[in-house]
Amino acid sequence: MDFNRIIELASYTLPAIVTGFVAYRFFELYIKNNDKKRAFLLNREYQKQSLPIRLQAYERMTLYLERINLTKLLIRVAPISNEKHDYENFLIDQIEQEFEHNLTQQIYMSDECWTIITTAKNSTIQIIRKAAMSDRVDSGDKLREVILNDLLEKQSPSNAALAYIKNEVSELW
């Protein structure tokens, strides 16, 4: 084969290879861009459908936290007997039943938010138990009074959780 023939062959082949490579890269970028656009549109549609459900979950957990707020709980739930342990158990049962009723809402919330809600629930129960162990308490009415007096000095655990929920919901916008 002649050297001129090799140069002539290279002069036809090299532009074809470069053109093929440019076309390949162009189509590759075009396909990636279309995939990103499709994913964006799907994500936007998903968020449009899931946002109302997520907001509803936050609303339900806000209602739960309001219902277990000790001030409101003690006003709403009167002692069932004169025994402090009966009232203590009744209050805790009310909190646990409300929690179990709303347990499924955790799938729509961040893990951190759910942890804060369960911590508020557990702290509320702990406050009730601690007050019931006090020597000052000898009846259900006295337990109610002691817990309410203690709340004058410190904030209810559900208030901190409510503040966190409000902050997390504000980030959804």
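**Salt bridges, rings and core**

User: Which residue does Arg-38 form a salt bridge with?
Analyst: Asp-35. The closest N and O atoms of Arg-38 and Asp-35 are 3.2 Å apart (a salt bridge is a Lys or Arg side-chain nitrogen within 4 Å of an Asp or Glu carboxyl oxygen).

User: What kind of model is this?
Analyst: A predicted one: local features need pLDDT of at least 70, side-chain atom pairs count only at pLDDT 80 or more, and totals for chains, interfaces and linings use all residues. Numbering runs from 1 along each chain as its sequence is written, and side-chain values use heavy atoms, leaving out hydrogens and water.

User: Back to Arg-38 and Asp-35. Where do they lie?
Analyst: Both Arg-38 and Asp-35 are in helix H1, three residues apart, about one turn of the helix (helices are DSSP runs of H or I, at least four residues; strands are E, at least two; numbered from the N terminus).

User: How accessible is Arg-38? And Asp-35?
Analyst: Arg-38 has a relative accessible area of 49%, so it is partly exposed. Asp-35 has 40%, so it is partly exposed too. (Buried is under 20%, exposed over 50%, partly exposed in between; 1.4 Å probe, protein chains only.)

User: How many salt bridges does the count come to?
Analyst: Seven. One of them joins Asp-150 and Arg-136, at 3.6 Å from N to O. That pair links distant parts of the chain: Asp-150 sits in helix H5, Arg-136 in the loop between H4 and H5, 14 residues apart. Asp-150 is partly exposed at 23%, and Arg-136 is partly exposed at 49%.

User: What does Glu-145 form a salt bridge with?
Analyst: Lys-142, with the closest N and O atoms 3.4 Å apart. Glu-145 and Lys-142 both belong to helix H5, three residues apart, about one turn of the helix. Glu-145 comes to 41% relative accessibility, partly exposed. Lys-142 comes to 27%, also partly exposed.

User: New topic. How many aromatic pairs are there?
Analyst: Three (ring centres of Phe, Tyr or Trp, its six-membered ring, within 6.5 Å; planes under 30 degrees apart are stacked, over 60 edge-to-face, the rest tilted). Among them, Tyr-64 and Phe-99 are tilted, 5.9 Å centre to centre with 55° between the planes.

User: Why does that pair tie together separate parts?
Analyst: Because Tyr-64 lies in helix H1 and Phe-99 in helix H3 (residues 84-101), parts that are 35 residues apart in sequence.

User: Are those two buried or exposed?
Analyst: Tyr-64 and Phe-99 are both buried. Ring pairs also link Tyr-64, Phe-99 and Trp-114 into a cluster.

User: What lies over the face of Phe-99?
Analyst: Lys-121, at 4.7 Å from the ring centre (the rule: Lys NZ or Arg CZ within 6 Å of the centre and within 35 degrees of the ring normal).

User: How many residues has the largest nonpolar core?
Analyst: It has 35 (buried Ala, Val, Leu, Ile, Met, Phe, Trp, Tyr and Cys joined through side-chain atoms within 4.5 Å). Tyr-64, Leu-65, Ile-117, Ile-147 and Ile-165 have the most contacts inside it.

User: Which elements give two or more residues to this core?
Analyst: H1, H2 (70-76), H3, H4 (111-132), H5 (140-153) and H6 (157-170). H4 gives the largest share, nine residues.

User: Last one. Which residues form the nonpolar patch on the surface?
Analyst: Leu-14, Val-18, Phe-21 and Val-22, with about 400 Å² of accessible area together. Val-22 is in helix H1 (residues 3-68). (Patch residues have over 30% relative accessible area and no salt bridge; like charges join within 9 Å, nonpolar Val, Leu, Ile, Met, Phe, Trp and Tyr side chains within 5 Å. Areas are Shrake-Rupley, 1.4 Å probe; for residues, only the protein chains shown count as cover.)
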